[in-house]
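Please look over the sequence and the structure before reading the points below.

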Amino acid sequence: MSIYAWEDINWTLVESRIFRLQVRIFKASQKQQQNKVRYLQKKILRSIDAKVLAVRRVAQTNRGKRSAGVDRKRVLTSEQKLNLAQNLKLKGKAKPIRRTCSTKAGKVDKRPLGIPTLEDRAVQQLVKFALEPEWEAKFEPNSYGFRPGRACQDAIMALFQHLRGRSLYVLDADIKKCFDRIDHDKLLAKLNTFPLLENQIKVWLKAGVIEGYSNSYKNYNKVTPNLLGTPQGGVISPLLANIALTGLEDELKHYYANHLYKGSSRIGLSDKLTQVAVIRYVDDFVVLHKDENVIRQLRDHTAKWLYTTMGLELLPEKTKILDTKQGFTFLGFHIISIYSGENKYKCKIHISHESKNNLLSKTREIFRSNRSASAENLIHLLNPLIVGWCNYFSIAQNTQEFKQLEYSIFAQLRKWVFRRRSKGLRSKTSLKDKYFPKDTNVVFRGRKHHGEWIFATSSIDRNEKEKIIFLVKPSWILHRNWIKIQDTISPFNGDNLYWATRNAKYSNWSYRKVLLVKSQSSKCNWCQKPFKHDSIIDVDHIKPIALNGKDDFNNLQALHMHCHAEKTKLERAEIQLYKSKPK
């Protein structure tokens with residue numbers, strides 16, 4: 001296929017062609033047809049469709065598109081993106097990675113990140129297109145982290161299913177610097193791929209580290225060799241970490257069935273395997289069983305398996321054996337088994353104290369850093385944080401906890417308001433009337449809310465009409481039922497009906513997007529293709545605002561980001577003509 005301009009690329013066609021190849025790789029890997037898998041992977045690596053899509057992901061749609069590597073290159077022009085895609089290939093070379101650090105929520109220590117150059121990230125994305133479907137067919141059913149179509153909530157629901165009606169002992173394990181200590185040679189041996197791809201991944205793993213940029217006189221020739229680990233910050237790093245740890249669930253289940261199980265010999269192997277549960281989210285995992293002694297032996301075998309297979313170690317001070325009646329924390333949730341009578345237990349899912357304190361620390365910092373900001377700007381800063389956090393924890397028994405958080409955030413907000421005394425606003429009553437208007441009525445997610453203490457202000461929308469902007473209260477976000485994903489299913493299995501239904505119900509899309517996607521039967525109104533798990537969805541005005549379109553729900557539709565850009569491009573001439581007419 002010949003491509004002459006970046007703007008003329010049909011992204012719907014590009015994505016569908018690559019996805020068809022990925023489905024074929026997934027099915028061939030399930031059938032253990034290694035020769036066919038290698039043939040199709042090489043076909044993706046040579047495909048211009050995959051190359052332009054890889055460049056688009058890292059330079060245009062990914063969150064880290066503005067993160068620069070050692071060469072300082074960030075966003076590219078259309079011509080540069082097309083040129084990069086046409087010259088993209090596995091060269092067996094890699095530039096050093098730029099070392100930076102990010103703070104961990106609620107912790108003093110920082111997480112080291114290694115950011116490859118934009119070109120290396122594009123090649124990594126290209127390799128991920130080819131490698132991910134093969135391993136999606138091999139990954140274990142209770143592995144949830146950094147996998148397409150899976151979320152933290154699926155892991156929590158898997159725990160809930162295992163703890164329903166009973167209490168167990170749990171091994172709450174923590175791997176010591178997992179991403180930084182993976183043995184390169186053992187990981188490459190486990191990958192077991194063809195030489196060209198293996199050599200490229202080896203080069204990425206061993207790429208040197210620079211603290212800063214390569215063209216800075218302070219860092220000239222100061223490259224630190226990288227002997228262990230897969231640097232966090234690379235596109236392919238989460239996939240490699242999952243590959244490194246895959247097999248842990250099967251290993252522990254078979255070790256238990258063959259060495260620790262003391263039941264009847266007439267019970268089959270599959271029945272023995274169900275006696276122990278392993279739930280993993282990348283390097284965070286828990287092991288469940290009813291016998292504490294079995295958990296201790298599984299802990300020792302886990303440590304042995306990790307060191308033998310990948311050179312990893314468990315962190316002793318963070319690896320604990322707990323009774324679920326006492327409760328334990330996993331992925332920010334606090335899970336506990338409560339006795340309900342007749343030797344039965346109820347599994348309760350709450351929000352951990354650490355998670356609540358982290359949210360309050362972030363809101364407190366926003367209030368502190370924006371003492372002179374307008375009410376409208378403050379609301380725009382707080383709402384995404386509060387709504388996103390509450391959406392994540394909405395599967396927990398959260399009614400009382402959300403109320404408590406609401407009181408704490410209100411106390412911070414009240415201090416912010418009553419500090420803003422100025423000429424004409426001297427008394428607390430006048431401040432209250434300005435920032436908490438009387439008889440305020442607002443609508444959030446289709447439900448009406450009325451009260452005297454709703455933080456709100458008026459604003460002018462694009463139609464030059466006045467509208468109310470308000471701060472969302474955590475108690476307005478209702479409990480959400482979440483159904484765990486099927487054990488071995490993957491987006492690459494080709495079951496579009498299952499994924500179209502699931503994406504609309506169990507996704508991290510905004511409430512407005514979910515309503516639009518459901519109303520459109522999970523299809524884009526422009527290309528009529530179904531939305532996938534990784535689709536970037538834009539909300540578009542059917543009749544543009546520039547053509548006197550209304551800014552209400554009936555004039556909205558959900559489109560793929562590239563379909564939205566194509567529609568806007570076609571409407572541009574009509575808008576210019578409309579604006580040029582005398583009024």
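Among the contacts in the chain with a separation of 6 or more, 67% are between residues 24 or more positions apart. The model is a predicted one. Of the 583 residues in the chain, 50% are buried.

**Overall fold**
- The chain contains 20 helices and 16 strands.
- Its radius of gyration is 27 Å, close to the 25 Å that the globule rule gives for 583 residues, so the chain is as compact as a globular protein of that length.
- Along the principal axes, the C-alpha atoms fill a box of roughly 80 × 70 × 55 Å.

**Pairing of strand S3**
- Strand S3 (residues 169–174) runs antiparallel to strand S6 (residues 284–289), and 6 bridges join them.
- Within this pair, Asp174 has Asp284 of S6 as its bridge partner.
- S3 also pairs with strand S7 (residues 320–323), again in the antiparallel sense, over 4 bridges.

**Second largest pocket**
- The second largest pocket holds about 400 Å³ of space.
- Its lining consists of 16 residues, and those nearest the centre are Glu7, Trp11, His562, Ala565 and Glu566.
- Helix H1 (11–30), helix H3 (48–61) and helix H20 (561–580) are the elements that give two or more residues to this lining.
- H20 supplies the largest share, 5 residues.
- Sorted by class, the lining of this pocket has 7 nonpolar, 4 polar and 5 charged residues.

**Cavities**
- The structure has 2 cavities of 30 Å³ or more.
- The largest cavity contains about 120 Å³ of space.
- Lining the largest cavity are 16 residues, with Gln124, Trp204, Pro231, Ile236 and Ser237 nearest its centre.
- The elements giving two or more residues to the lining of the largest cavity are helix H5 (118–136), helix H9 (195–205) and helix H10 (237–245), and H9 gives the most, with 3 residues.
- The lining of the largest cavity divides into 9 nonpolar, 5 polar and 2 charged residues.
- The second largest cavity has a volume of about 80 Å³.
- Residues lining the second largest cavity include Phe19, Pro491, Trp499, Phe531 and Lys532.
- Helix H18 (residues 496–505) gives the most to the lining of the second largest cavity, with 4 residues.
- By class, the residues lining the second largest cavity are 6 nonpolar, 3 polar and 1 charged.

Technical notes
Residues are numbered from 1 along each chain as its sequence is written. This is a predicted model: local features need pLDDT of at least 70, side-chain atom pairs count only at pLDDT 80 or more; totals for chains, interfaces and linings use all residues. Side-chain values use heavy atoms; hydrogens and water are left out. Two strands pair if DSSP finds at least two bridges between them. On a 1 Å grid over the protein atoms alone, a cavity is a set of points where a 1.4 Å probe fits but cannot get out, and a pocket is an open set with protein on both sides within 12 Å along at least five of seven lines; lining residues have an atom within 4 Å of a point. Grid points are joined across faces, edges and corners, and a volume is the space filled by probe spheres set on the points. Ala, Val, Leu, Ile, Met, Phe, Trp, Tyr, Cys and Pro count as nonpolar, Asp, Glu, Lys and Arg as charged, and the others, Gly among them, as polar. The radius of gyration is taken over C-alpha atoms; the globule rule is 2.2 Å times the number of residues to the power 0.38. Buried means under 20% relative accessible area, exposed over 50%, partly exposed in between (1.4 Å probe, protein chains only). Contact means heavy atoms within 4.5 Å.
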